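Visitor: I'm new to this one. Could you pick a single spot, take me in close, and then walk me outwards from there?

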Amino acid sequence: MGCLGREIKRQQSSSLWQKCTNLRTLKQIQALIIINGFNSNLEALRELIFCSAMVIPGAINYAHQLFAQITEPDTFMYNTMIRCSARSQDPLNGILLYTQMEKSCVKPNKFTFSFVLKACTRLLYRNMGFCVHGKVIKHGFEFNRFVRNTLIYFHANCGDLDAASVLFDGNAKMDVVAWSALTAGYARRGELSVARSLFDEMPVKDLVSWNVMITGYVKQREMEKARDLFNEVPKRDVVTWNAMISGYVLCGMHKQALEMFEEMRNVGERPDDVTTVEFVICLCGIGERAMEVFCGMKEKDVSTWSSVIGGLAFHGYAEESITLFREMQRLKFRPSEITFVGVLVACSHAGRVEEGKRYFQLMKDEYNIEPNIRHYGCMVDLLARAGLLNEAFEFVGRMEIEPNAIIWRTLLGACRIHGNIEFGKRANERLLDMRKDESGDYVLLSNIYASQGEWDGVEKVRKLMDDSGVRKEPGCSLIEADDKALMQYLLNLTHKQNSRNPDS
C-alpha cells in the first residue's frame, strides 16, 4: 500500500490504472486513494476523472458525481469533463461546466474552447458559440490551428458562414483539416454545389474530405453522384463503405446495399457496428432474399453471423435467432459482444429466462467478454418481461456499470405492464434523478397508478408534471418503444476512447 502514491504518479503506465476497466474496479481504486490519504493528490484526482469520463464505458454519471466532490478542479479536469460531455448524449453539460469553470476563475486553454465549441455545434447553439468565439479572441487563441479549425467547423455548421470563410482565408487554406471543416459545413447545410466547388479546389484531399462529400450526397439521396465519388476514392475506409450502404438503405435500395456489403467484405474491409445495423435493416427489408444472400456468402465472419442473429431477434424470429447462434457455436465461430446482444434479445422475446442467464454467464466465463451497458440492459429486459421484477431490481443493484436511463425506463415500463406500483415508483425516482423533461416517464407512472385505481397517485404525478413544466406531446406513443431505435441503440456499441490527452 505504501507505494500507492508512486504508482499513481506513473499514471496510465501503471498496472493499477491499466486494470481499471470497469466501474467496480474504479470504485475500489477510489477507496484505496481515500484510505491512503491521496484524495487531495492532484495526479490521483486527474486519473480518477479521466478513467471515469473517458476510459470506462457508461461511467459518465459517476464521473460527474466525482467531479462535483472535488473542491478545486484544475484545467485538465474541467477539460476532461467538458470533452466527455460534448461527446455524450447531453452536450449541454459541457457548456454548463464551462460556465462553472469561468465563475471559478480557472484559466481555460486551447483545448477548453475546442471542446465547448464542439458542444455548441452539436446543440446548434449559435449565440453561445458566438460568445465562445469572443472568449477565444480575448484569450488570444484565434490563431491557434486547433482552435481555428474548430471555429471554422462551428461557423460552417450552425454559425456564420461569412465568419467561417474569413477564418478560412489566409493560412487556413494550407490546412487540409480547415478545408474539410468548411466543406463539411456547406454539405451539412445542404449547399452541395458550394461544398463540391470547395472540394474540387482542395489542393490535397484527405479521406475525411472524400467521406464528407459522399455523405453529403447520400443525405440528399443523390446516390448516383455519391457512387461516382465512391468509385474515385483513392483509398476507402469503413466510413466510406458505411455512407454508401446507409444511402442505399435510406433510399430503399436493399439489394444494392447487400451487394455493397458483400463487396466490402470481399475486399477485406471489416464491417463495424454501424454497418452491422444497416445490414440488419436490409435483412428486414427484403426478407428471404437477404437470407439467400447470407447463406450464399462464400465466407461468413462474426459480423455477418451477428447481424443475422440480431436481425432475426429484433423482428419476431427469436427461435430462429437462437438456433442460428447454436449453429454458429457448432461451427466454432467465436461470438462477439454484438452476437450476445442479439441472442439475449432473442431469449427475452421468447421468454427463455434460464437460457438467457446461461448465455450471459457463458459470455463472461467462456469467452471472457466483459458485459457492457447493452448486455445488462438485455438482461434487465429479459427478467422484467417475464414479470420477475424483484430479481430485475436486484440484478440492477449488482451491476458493475452505472445503470442508465434506458434501463430504468425498461423497468418502469415493465412495472406498468405488471401493475407494480412500488417498483414503479422506485424506477421513476431514479429516472427523475437523471432527467426531468421526459413526459413519457411521468405518464408511465401515471398509468401504473390508474391501472390499480389509485387516482390520488395519478393526480400527484400530473401535478409533478405541471410543476416541472413538462408537457406530453400530442400523438406520441408512450407505451411502446420504437424497435428500430432500440435495435440501433443495442447494436451500436460505444467505442472506447484511447487518447490520453484531452485534445479531441
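Guide: Let's start with Thr339, whose side chain reaches the backbone nitrogen of Ser336 at 2.8 Å. That is a polar contact (N or O atoms within 3.5 Å, one able to donate a hydrogen and the other to accept it; residues adjacent in sequence count only if both atoms are side-chain atoms). Before going on: this is a predicted model, so local features need pLDDT of at least 70 and side-chain atom pairs pLDDT 80 or more, while totals for chains, interfaces and linings use all residues. Residues are numbered from 1 along each chain as its sequence is written, and side-chain values use heavy atoms, leaving out hydrogens and water.

Thr339 sits in helix α22, residues 337-350 (helices are DSSP runs of H or I, at least four residues, numbered from the N terminus). Its relative accessibility is 0%, so Thr339 counts as buried (buried is under 20% relative accessible area, exposed over 50%, partly exposed in between, with a 1.4 Å probe and protein chains only). Leaving out residues up to four places away in sequence, Thr339 touches Val302, Ser306, Ile309, Phe325 and Met328, where touching means heavy atoms within 4.5 Å.

Now step back to the nonpolar cores, which are sets of buried Ala, Val, Leu, Ile, Met, Phe, Trp, Tyr and Cys residues joined through side-chain atoms within 4.5 Å. The largest one has 85 residues, and Leu26, Met81, Leu182, Ile214 and Met244 have the most contacts inside it. Its largest share, 8 residues, comes from α4. Another core lies apart from it, with 51 residues including Val341, Leu344, Ile373 and Phe393. As for Leu182, its partners beyond four places in sequence are Ile152, Ala156, Ala164, Phe168 and Leu198.

What about α4 itself? Helix α4 covers residues 42-55 and reaches 18 Å from first C-alpha to last, close to the 20 Å expected (1.5 Å times one less than the number of residues). Of its 14 residues, 10 are buried, among them Leu45, Phe50 and Met54.

At 1% relative accessibility, Ala59 counts as buried. Setting aside neighbours within four places, Ala59 is in contact with Leu23 and Ser52. The C-alpha atoms of Ala59 and Asn22 are 8.3 Å apart, though 37 residues separate them along the chain.

Next comes α5, whose buried residues are Tyr62, Ala63, Leu66 and Phe67. They fall within an arc of 140° seen down the axis, so they line one face of the helix (the arc is that of the directions from the axis to the C-beta atoms). Their cover includes α3 (23-35), α4, α6 (75-87) and α7. The face of α5 turned away from its buried side carries the exposed Ala68 and Gln69.

Ser104 is partly exposed, at 41% relative accessible area, while Cys105 counts as exposed at 71%. Cys120, by contrast, counts as buried at 0%. The sulfur of Cys120 is 7.6 Å from the closest cysteine sulfur, in Cys158, too far for a bond. Searching the whole structure turns up 0 disulfides (pairs of cysteine sulfur atoms within 2.5 Å).

How values were computed:
Helices (H or I, at least four residues) and strands (E, at least two) are DSSP runs, numbered from the N terminus.
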